[in-house]
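Colleague: Could you walk me through this one slowly, as I am still new to reading structures?
Modeller: Gladly; have a look, and then ask whatever comes to mind.

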Amino acid sequence: MQPARAADTAPLFETIAVSKSFGGFKALDDVSFHVRDGEFVSIVGPNGAGKTTLVNIVTGLLRPTAGEVRFHGRDIAGIGPVELARLGMARSFQLVNIFPALTVRETLGVAVASRLRRVGNPFRSLRRDERLQADAARIAEVLGLRPRLDTVASTLSQGEKKLLDIASAFALDPSVILLDEPTSGVSTADKHAIMEVLVTAAKVAGVRAIVQVEHDMDLVERYSHRIVALQEGRVLADMPPDAFFADPAMIAAVVGTRPQILKGRPDA
């Protein structure tokens, strides 16, 4: 997936001056960022920076206190993840979000049935519907899970469970996918393998952009086209990885060692 070249390409989605308060606590304050066709954007920041709140707002789980969230030019604030998935945006969660008693085939079949709005009895549909069977197998293939189609999810390795969670999001046929810590809980040796599978699968599946929340700076540096850094609910910077990793003060702020160091920077 190559980043969009034209600076004036219309964003696939964007937040415009988004703020979110929980009582007297302001979790996000005037956050604006965008994602264009072909981009892989990483959202980074120390614990409490507002990353998960931002993704929850972008994916419709939360409604912003102020500001706009737009997807393909449409206001999607508070629309909810089910309707948003039908519009073309899907999310994978930090904690594996699968049904442990279902097989890989059944898990993906449920996601495909949801996309096709065959939700009355997806298991009956899966057994009888050749399209559901084919789509489940196709998604398993691109995510490297085809040999595990008839394996019960609870018996998968942690890395395979993460891939199944991601595959369930891919099964919704999204144009944009948001990943919340896609390799959390996975061994260091498996992290890059999962990311390589994910990026390759995105190309095959026609995913137009990927946004991830990630703490692992090695993964952020290798796969990002742009990095959006948050601190105390505000955007510190929005920059390409080479500029980000050339700035020791920025890295220190993001990993939380010196959280006030960038106050007053022009890009803060």
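Colleague: Leaving aside its neighbours within four places in sequence, which residues is Thr151 in contact with?
Modeller: Leaving those neighbours aside, Thr151 is in contact with Leu102, Thr103, Val104 and Leu156, where contact means heavy atoms within 4.5 Å. This is a predicted model, in which local features need pLDDT of at least 70 and side-chain atom pairs count only at pLDDT 80 or more, while totals for chains, interfaces and linings use all residues. Residues are numbered from 1 along each chain as its sequence is written, and side-chain values use heavy atoms, with hydrogens and water left out.

Colleague: Where does Thr151 lie, and is it buried or exposed?
Modeller: Thr151 lies in the loop between α5 (130-142) and α6, the helices being DSSP runs of H or I with at least four residues and the strands runs of E with at least two, numbered from the N terminus. Thr151 counts as buried because its relative accessibility is 15%, and buried means under 20% relative accessible area, exposed over 50% and partly exposed in between, with a 1.4 Å probe and protein chains only.

Colleague: How do α3 and α6 pack?
Modeller: Helix α3 (residues 104-115) packs against α6 at an angle of about 30°, with the axes 8 Å apart; axes are lines fitted to C-alpha atoms, for helices over the stretch in contact, and angles run from 0 to 180 degrees between N-to-C directions. The two helices are therefore roughly parallel to each other, a label for angles under 35 degrees, whereas over 145 is roughly antiparallel, 65 to 115 roughly perpendicular and the rest oblique.

Colleague: And which residues meet there?
Modeller: From α3, Val104, Thr107, Leu108 and Ala111 meet Leu164, Ala167 and Ser168 of α6.

Colleague: Changing topic, in what order do the strands of the open sheet come?
Modeller: The order is β6-β7-β8-β3-β9-β10, 6 strands with mixed pairing, and two strands pair if DSSP finds at least two bridges between them. Because β6 (89-92) and β10 (234-239) stand at the edges with a single partner strand each, one side of each is left without a neighbour in the sheet.

Colleague: In which sense do β9 and β10 pair?
Modeller: Strand β9 (residues 226-231) pairs with β10 in the antiparallel sense over 5 bridges, and Ala229 stands opposite Ala237 in β10.

Colleague: What about the chain as a whole, how many helices and strands does it have?
Modeller: The chain has 10 helices and 10 strands, and 51% of its 268 residues count as buried.
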